[in-house]
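Student: I'd like to learn how to read a protein structure. Could you walk me through this one?

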Amino acid sequence: MDQTEARLDTRSKTVELTIDGKPATVPEGSNVLSAILPCTDTFPHVCYHPALGPIETCDTCLAEVDGRLVRTCAVPVQSGMNVVTKTVRARYARKEAMDRILHNHELYCTVCDNNNNNCTVHNTAMAMQIEHQKYPFEPKPYEQDNSHPFYRYDPDQCILCGRCVEACQNLQVSEVLSIDWERERPRVIWDHDVPINESSCVSCGHCVTVCPCNALMEKNMLGEAGFLTAIKPKLWESMIHLTKEIEPGYGPIFTVSEVEAQMRESRIQRTKTVCTYCGVGCSFDIWTKGRKILKVEPHMESPANQISTCVKGKFGWDFVNSPERLVHPLIRRGDRFVPVSWDEALDYTAQRLTEIRAKHGADSIGYISSSKCTNEENYLMQKFARAVMGTNNIDNCSRYCQTPATEGMRRTLGLGGDTGSISDIASADLVIIVGANPAESHPVLSTRIRRAHKKYGQKLIVADLRKNDMAKRADLWLHPKPGTDLIWLSAVTKYLIDQGWHDAQFVADHVNGYAEFQSWLETYTLEYAEEQTRIPRAELIRAAEMIRDAGKVCICWAMGVTQHIAGSETSTAICNLLLVTGQVGRPGTGAYPLRGHNNVQGAGDFGCAPAYMPGYERVEDERVRSKYAQAWGVELPASPGWDNHQMVEKIHEGTLKAMYIMGEEMALVDSNSNHVQRAFEALEFIVVQDIFFSKTAQYADVVFPAAPSLEKEGTFTNTERRIQRLYQVFEPLGDAKPDWQILTELANRLGADWRYQHPGEILDEATALTDLMNGVRFNRLEGYNSLQWPVASDGTDTPLLYSEARFPFPDGKARLYIPKWTEPVLQPNEEYDLHLNNGRMLEHFHEGNLTYRVHGIEEKVPTTYLEVSEELAKQRGIQTGALVRIVSPYGAVKLRAVVTDRVSGNELYLPMNTPKDQEAVNYLTSSYHDDVTHTPAYKEIHVRMEILEERGKSPMTRGNFRLGNPNPQPGVMVERKWRRADYRPLVDESESKAATVRSEMK
Amino acid sequence: MAQPIRTIEQVETSPAEQRAQAIGALLGSIADHSESLGTLVQLVERLHQRGVLKMAIALLEQEEEILQIVVDQVGKPGYAQGLKNAIALVQLFSSIDHKTLQRVSKSVQHLSRLTEREPARIAGVLGLWRTLRDPDFAAGLGFMVEALKVLGKQFETGSQGGQGSPTEAGVKDGTGDVRG
């Protein structure tokens, strides 16, 4: 258990001990090292990292504890302990440990790209005033591994601390890296010793981030970070040779390298930003030199992710410098788009919108905001629609994914947000994942589950059609018939109640509607559920038993639940289950719809919905409207507008005449693309605001070039309801502008008098008008500070909702809500005999407009592909690489297949991530939708497969992690190092034996 | 009624326009920094007069090649030894306490005065005995004996490879300055 986790568990309990003769008080459960560091921050500890906990490989943190020489990272504090760091024995041991490290590492700091004031090996050697190496550096008999597009491994510089291995095995838990301790010269290996790019490495970057030296480096740093690192190899080697030849000791060398490191600070900028690739909300520093991105560096203070990232967050940013970026406003003239000035584009747009409003009324124009844009931009978009243009026809893409989850929670619990934080999911006894693939869609959040499952015995149930990564790891994998989750969830709920395993007291004290609910449940017997869902009765009982046995349960869900015609109902069934078992309002419990985009939560929170003003205050409420009328100085439309689904239908009906689409690839990501695109063709006027010339832009009359997140300031709200600030890394490219500036300039041409100079002013205006986020202020979000709503006016936030079991209904009680079961539509039949599932893949985002423009990602995964089961492939006589046409009642796509055990039977899977028309899944999907929220039923689609070529080149190319073979290990396995004949223990013998036992038990 | 189109007319900026834009931006920058640029022009003029600029250009044009020659030369044993000595001297001076250095310096001054007068004569064994009892002589001799011992110890540890055992040399790290 690492320090942070220990703190969480033990809360305010403390222990008193003595460190170098002085009294110290530290939290119970801390290790001795954590107690020493506040007293002596230069105390060596090379392999220890707070995110990883003790791994005991480096021996540099040795001290005497009650007379015994021990590794302080591995010894928990005890009351009355006497810790002495300054004895000769301890000093000797630490110096010896560092000498052993330097045997494996050549100190050429001044010409090293990792010399940026944060190199652990450099800083430790300097703090220990190491002057000479007892064991001269000896190169290892291995070449550098440069095979991976984003990072390289240099065995010669590797000190074998195993941080990378621990991060890969037990934090990211992709289980790729290990140290082969039995070689004459040990080294880190990938899988079972293959080149990095041929391994199962998911490119998350954990290993590079935690490497304490330059053994693992981001390739973008090489030859770029230092002033002297870009020189030719021969000269570079000569300089290292000279340095070693004349060295009188490391002191002067360190001085020179310190000066050089300091000089680097003047040309390398480090700017905090928040990732835009999913709803987890990872934050990190981006290192840049001019417009070149050198690296992404996450920090322990990053509230959602600490040091974790995924491939997109760590390496996926080069699209900002793509030559294909839109850098001029464009106006459609005849058969082409013509670049024009901002004045011309804005004047023309204002004139056309004014004409259409005058001719057809304010409600003849629809406005689509963006879950990729900031809270401030979303606030302005809905303010533009309502206050400037006079309509509630405002929506955003959360309707394509998460609105049913919000609906389910609002019905039962009261608020439409995850009930706790990612740390609650990590500390649950049981996590249930329903219709979600967090390993690929919410990668960093999934690491917390995998870590808890592997290291701390957390149990995991996964209900999914696919045997995805989490399903393979699960203690119980449920494979329901598509679209039947409501039935098995309700059957398990009923079984829990029937067995008396529910929380009767919680229900009696805090929940309304139990009697009616129990009566509704009568239908949902295990037999009925088995028949309807095809999940064996024994598995349902097993699920109920696991819920019974868990003190703390979290349920995570996503599009596999919501993108059905009964998405809101199934979401409701999940919340009902949690209420019946009393699994909300306590740490480690709750409901977690995993928000898909970086600001899905914020786009809704800030009022981009037809019926809701910011803070989910209803537009029909006179009191709400008058509040905004007073603040904005205009009268507001009283009835809810059209959502994005209705807008498309209204175009076909002829009542919607124009659209303003900000940061949304609606032509490809709305379902039934042919239907949507035909609607766009019928519009009189379309404005598209984007950073690339998207498919949607092809239908536009005016295209505004916008700025991506790295080119602006503002805030995003992640899946934990956490509001975080992003800072500007670059100036906008060309004539591009941040969306908030474009909206402001257009609004002012349409009679508004907006004087916003900075997003901070917009946020403060928006939040002060809401109850939900009343205390959110820009200056409370500086640096890595964040706030989780609700936020009281004094700035107090709410990491955990419904604590003390108070629910935001008049009587403070939650509500069991009776969901309505609806059969899925478009089930396989004779003509369309296969079910088509769809979703994401790890490496790409959305339709891929960003990630296919990152060279390394495009190299690893150049295209989407169709997953076909082994049974179906055999039956149809096809192999991986076969070219197939998939036909639905709504359209067809053509692409190559991959035969895999991730899918089974007649269920296909098609990742949505492609910008190519001929492969895009939404040419197959329908316009059926959830009745309550109008979320399209993307997951309910039947198709047939026509074989064009039975075999061909696999679409999954070298470099795809799915082709690798992971090598799961308990961790770094330091006891194998200790067993080596050439290892002499530095700790006392009794401690050495105890440590071996401890390590082997891990 | 708009059909999808993909053609975007490229912005064609003529070379003359690009040049004019660049000149405009440059003039603006000059106006913003007129004072510092004036000083820079003076500096450039001096460097030009002394031929430094031409030399710098030649050096930069041949940067890596010249650096390679210098590094190769300096890396040869003789030069490397010289550099080592130079660094060792700097370290020596850095390590001496300035008060000690002052004392030694004063002693040297006193010694130099000795050359201006008749050398002292020691009359036989008894004279030597008397001299030994002189407190100043005894203090000086004590210092020299200690100095010779330290020197001897350095030769001894030097012959063991210069590492020193931790007990004697102490293991310096950031945790304190206590020697073992």
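**Reading the model together**

Tutor: Let's start with one residue: A:Val688 lies in strand 26 (residues 685-690) of chain A. Strands (E, at least two residues) and helices (H or I, at least four) are DSSP runs, numbered from the N terminus. This is a predicted model, where local features need pLDDT of at least 70, side-chain atom pairs count only at pLDDT 80 or more, and totals for chains, interfaces and linings use all residues. Residues are numbered from 1 along each chain as its sequence is written, chains are lettered from A and ligands numbered from 1 in the order in which they are written, and side-chain values use heavy atoms, with hydrogens and water left out.

Student: Is A:Val688 buried or exposed?

Tutor: Buried means under 20% relative accessible area, exposed means over 50%, and partly exposed is in between (1.4 Å probe, protein chains only). A:Val688 has a relative accessible area of 1%, so it is buried.

Student: Which residues does A:Val688 touch?

Tutor: Contact means heavy atoms within 4.5 Å. Leaving out residues up to four places away in sequence, A:Val688 touches several residues, among them A:Ile661, A:Ser694, A:Val702 and A:Phe704.

Student: How do I read a pair of aromatic rings?

Tutor: You describe such a pair by the distance of the centres and the angle of the planes. Rings of Phe, Tyr and Trp (its six-membered ring) pair if their centres lie within 6.5 Å; planes under 30 degrees apart are stacked, over 60 edge-to-face, and the rest tilted. Searching the whole structure gives 27 aromatic pairs over all chains. Take A:Tyr367 and A:Phe384: the ring centres are 5.9 Å apart and the planes are at 70 degrees, so this pair is edge-to-face. The pair links distant parts of the chain, with A:Tyr367 in strand 15 (residues 365-368) of chain A and A:Phe384 in helix 11 (residues 375-388) of chain A, 17 residues apart. Both A:Tyr367 and A:Phe384 are buried.

Student: Which residues of helix 30 of chain A are buried?

Tutor: An α-helix has 3.6 residues a turn, so residues three or four places apart point the same way. In helix 30 (residues 759-768) of chain A, the buried residues are A:Pro759, A:Gly760, A:Ile762, A:Leu763, A:Ala766 and A:Thr767. They cover an arc of only 160 degrees around the axis, so they are on the same side of helix 30 of chain A. That arc is taken from the directions from the helix axis to the C-beta atoms.

Student: How many residues of chain B are in contact with chain A?

Tutor: The count is 34 residues of chain B, in contact with 46 residues of chain A.
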